[in-house]
Amino acid sequence: MITKITREELQQKLEHPKRSVVLDVLSPEDYRLAHIPGALNLPRDQVRTLASDLVARKDLEVIVYSAGPACHASENVADQLTAMGYTDVRHYAGGKSDWLQSGLPVASEEARNNANAEEIETMPANKPMTKILLDGGDPDETQRIRDRLGFLDGQTTNPTLVATNPDVQGRIVSGHRLSIGEQKEEYKRIVQKISPLIGSGGVSLEVFADFNTTAEQMVSQGEEMYSWIPNACIKYPCIPEGLRAAKISVERDMRVNMTLCFSQAQAAAVYAATKSSKQPVYVSPFVGRLDDRGDDGMQVVRNIKEMYRQGDGHVHVLVASVRKMDHLLYAFALSAELATVPAKILEEWAAGKLAVPGKDFVYRPLGKNGKPLRPVPYQQLDLNASWETFDLKHELTDKEIRKFVDDYRSTLAPAA
Ligand code: E4P
């Protein structure tokens, strides 16, 4: 039996948006026209595919509504959500008609959900369950890859990719080094062009962080970047201050992507630090860089996915530092939620008609020299422990932070 709530109760709940998620189950067109402010769109025929994107935690209070008492779509969605394991589903039976008749305000389309709706309409039939993100920093490349695939779920950027953007490079080659303000403007300009081209995976933007950057400094950069585009996701590194920044950010309802993840313990800490997030949190294991030093990067992904099976599903695994087609195909076979992939590999995948292998795909963990990669054993870790108890140290995290700092500085004018 689904608990019913009245309009007055719903109004009170909307005053504390962190505690519940309101879902409009009407079609994207109806939602675009008018919806209760703050509601997200979950059409009844998209529940299985979209619910976990919109409501990451199954213990959150979820309130569904449709057109009005005569429309049974919301009851149907409430039943589907309950069957999927959502434990606190409520039904506002009066729906949109009751809301409108009482003279309460409605909102029309938000850019963030517009991206979702457009994406649903244009998905090719063989689109994989794993969201495909482009790993790059050039909007022209984003447009080209989207045209080539017929869709593009998202994009990740980082200081190296921004430094190699053709316009930024053009300025550097002509002798102009950027000021910190100009560099920020360049980053903003790049992501504002990318933002409307991609779907619900969003655009990941990386804050500047070295070993002296505090969580508060990261969050302040993150909040500014978050305001640049409607579908931003802020990248913080898997170091203690980065984890603290993530904790603060998800409490402020920001989407975060925890980058430079090289171990299962770091992924466990991400899970524990972001438990209160209402939106999916991404964790990005860097498989190519692990492979480069002889460790089996894809096994780290497999271990993290296995560990998260005990969890509530709020952290999604984003396979990063993809170097070869087999990384991508194995990401599909492991049901990784997302993968970020360089343009060259996506073009190769498109040339192969976007083939998606079955779960029986056999991945051969071999390094560039053809030698077998070192296995990375699974660790028993308790996801309910506090995030500070996990061992966050990994030499690759430290090394790559130094590299990102160098790439970030490479485009800057020397300090006076
Ligand atoms: C994405 O978020 C990462 O920054 C990217 O995949 C790193 O890739 P690389 O190891 O090839 O630089």
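This is a predicted model: local features need pLDDT of at least 70, side-chain atom pairs count only at pLDDT 80 or more; totals for chains, interfaces and linings use all residues.

Author: Start with overall size. For a chain of 416 residues, a compact globule would have a radius of gyration near 22 Å. The protein chain has 22 Å, which agrees. Its C-alpha atoms fill a box of roughly 65 × 50 × 45 Å along the principal axes. Of the 416 residues, 46% count as buried.

Next, the layout. The protein chain has 18 helices and 13 strands. The domain assignment gives domain 1 as residues 3–109 and domain 2 as residues 114–410. Their C-alpha centres lie 30 Å apart.

Now the ligand. Around it stand D135, T156, N158, S204, T259, S284, F286, G288, R289, A320, S321 and T340. Two residues are nonpolar, eight are polar and two are charged.

Pick one of the shell residues, T259. T259 sits in strand β10, which covers residues 256–261. Is T259 buried or exposed? Count the C-beta atoms around it. There are 29 others within 10 Å, and 20 or more make a residue buried, so T259 is buried. Its contacts, leaving aside neighbours within four places in sequence, are E206, K235, Y236, P237 and S284. One of these, S284, also belongs to the ligand shell. Another contact, Y236, is 23 residues from T259 along the chain. Yet their C-alpha atoms are separated by 5.9 Å.

Look at the nonpolar packing too. In soluble globular proteins, nonpolar side chains tend to be buried together. Here the largest nonpolar core has 85 residues. Its members that touch the most others are I234, V270, V283, V301, V319 and A339. Helix α13, residues 264–273, gives the most to this core, with seven residues. A second, separate core has 29 residues, including V21, A39, I63 and L81.

Zoom in on I234 from the largest core. Not counting residues up to four places away in sequence, I234 touches L205, V207, G222, M225, Y226, S249, M254, V256 and N257. One of these, V256, falls within strand β10, the strand of T259.

For contrast, go to V77. V77 lies in helix α4, residues 73–83. With 27 other C-beta atoms within 10 Å, V77 is buried. Beyond its neighbours within four places in sequence, V77 is in contact with V25, L42, R44, V47 and V64. From V77 to P414 is 337 residues in sequence and 58 Å in space, C-alpha to C-alpha.

Finish with two loop residues. S335 lies between α16 (325–333) and β13 (338–341). Its phi is positive, about 60°, although S335 is not a glycine. S335 has 12 other C-beta atoms within 10 Å and is exposed. K353 lies in the loop between α17 (343–351) and α18 (395–410). Phi of K353 is near 60°, again positive in a residue other than glycine. K353 has 8 C-beta neighbours inside 10 Å and counts as exposed.

Back to the ligand, then. Its shell includes T259, a buried residue in strand β10.

Technical notes
Residues are numbered from 1 along each chain as its sequence is written. Domain bounds come from an automatic or database domain assignment. Helices (H or I, at least four residues) and strands (E, at least two) are DSSP runs, numbered from the N terminus. The radius of gyration is taken over C-alpha atoms; the globule rule is 2.2 Å times the number of residues to the power 0.38. A residue is near a molecule or strand if its C-beta atom, placed from the backbone, lies within 6 Å of it. Ala, Val, Leu, Ile, Met, Phe, Trp, Tyr, Cys and Pro count as nonpolar, Asp, Glu, Lys and Arg as charged, and the others, Gly among them, as polar. A nonpolar core is a set of buried Ala, Val, Leu, Ile, Met, Phe, Trp, Tyr and Cys residues joined through C-beta atoms within 7 Å. Two residues are in contact if their C-beta atoms, placed from the backbone, lie within 7 Å.
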